[in-house]
Amino acid sequence: MVRDGIYYALASAGVTVMAPEQTYVDQDVVVGQDSILYQQVKLEGKTSIGENTVVRSGSRITNSTIGSNVEILDSCVITDSEVANGSRVGPCAHLRDRSKIGADCRIGNFVEIKKSTLGDRTLACHLAYLGDAVVGKDVN
């Protein structure tokens, strides 16, 4: 079965899949060493996950690049976006098409970002919408 081969390849590469029977990973997805995928995670399309990254339960990532040492908390949706190293996203965040999150950023609860760029160390802590924007470094 193709799915079994994908999970075997992930395990061989040092990726922990907490519940393979409840996790979906497309064939073209790349996941870095020492990363952890919790149950009910969906990784689709041309998604790339860096090393030592955690993707928690119920999150869906499609055609996106996630850096190393990133934590994606529960129930996040990330499509056609980029998240740089050391950032933390969620829970319940939504990164829509062409969102670029800089290094060491914090995207919090119920934050939605669309076609926006956030500089390094920028915080969008909770209950926010950022659309068609450029936000610099070290902004709260």
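1. In this predicted model, Asp132 and Lys114 are joined through their side chains by a salt bridge, with an N to O distance of 3.0 Å. The two residues belong to distant parts of the chain, 18 residues apart: Asp132 sits in the loop between strand 20 (129–131) and strand 21 (134–135), and Lys114 in strand 17 (residues 112–114).

2. Lys114, at 15%, is buried.

3. A salt bridge also connects Arg60 and Glu44, whose closest N and O atoms are 2.9 Å apart. Because Arg60 lies in strand 8 (residues 60–62) and Glu44 in strand 5 (residues 42–44), the pair ties together parts that are 16 residues apart in sequence. Glu44 is buried, with a relative accessible area of 15%, whereas Arg60 is partly exposed at 33%.

4. Glu44 and Arg60 also belong to a network with Lys42, formed by salt bridges that share partners.

5. Arg56 and Glu71 form a further salt bridge, in which the closest N and O atoms are 3.0 Å apart. Arg56 is in the loop between strand 7 (54–55) and strand 8, and Glu71 is in strand 10 (residues 71–72), so this contact ties together parts 15 residues apart in sequence. Arg56 counts as partly exposed at 24% relative accessibility, and Glu71 counts as partly exposed at 21%.

6. For the model as a whole, the count comes to eight salt bridges. Those described above include Asp132 with Lys114, Arg60 with Glu44 and Arg56 with Glu71.

Notes. Residues numbered from 1 in each chain as written. Predicted model: local features only at pLDDT ≥ 70, side-chain atom pairs only at ≥ 80, totals over all residues. Heavy atoms only, no water. Salt bridge = Lys/Arg side-chain N within 4 Å of Asp/Glu carboxyl O. Helix = DSSP H or I, 4+ residues; strand = E, 2+ residues; numbered from the N terminus. Buried < 20%, exposed > 50% of the residue type's maximum accessible area, 1.4 Å probe, protein only.
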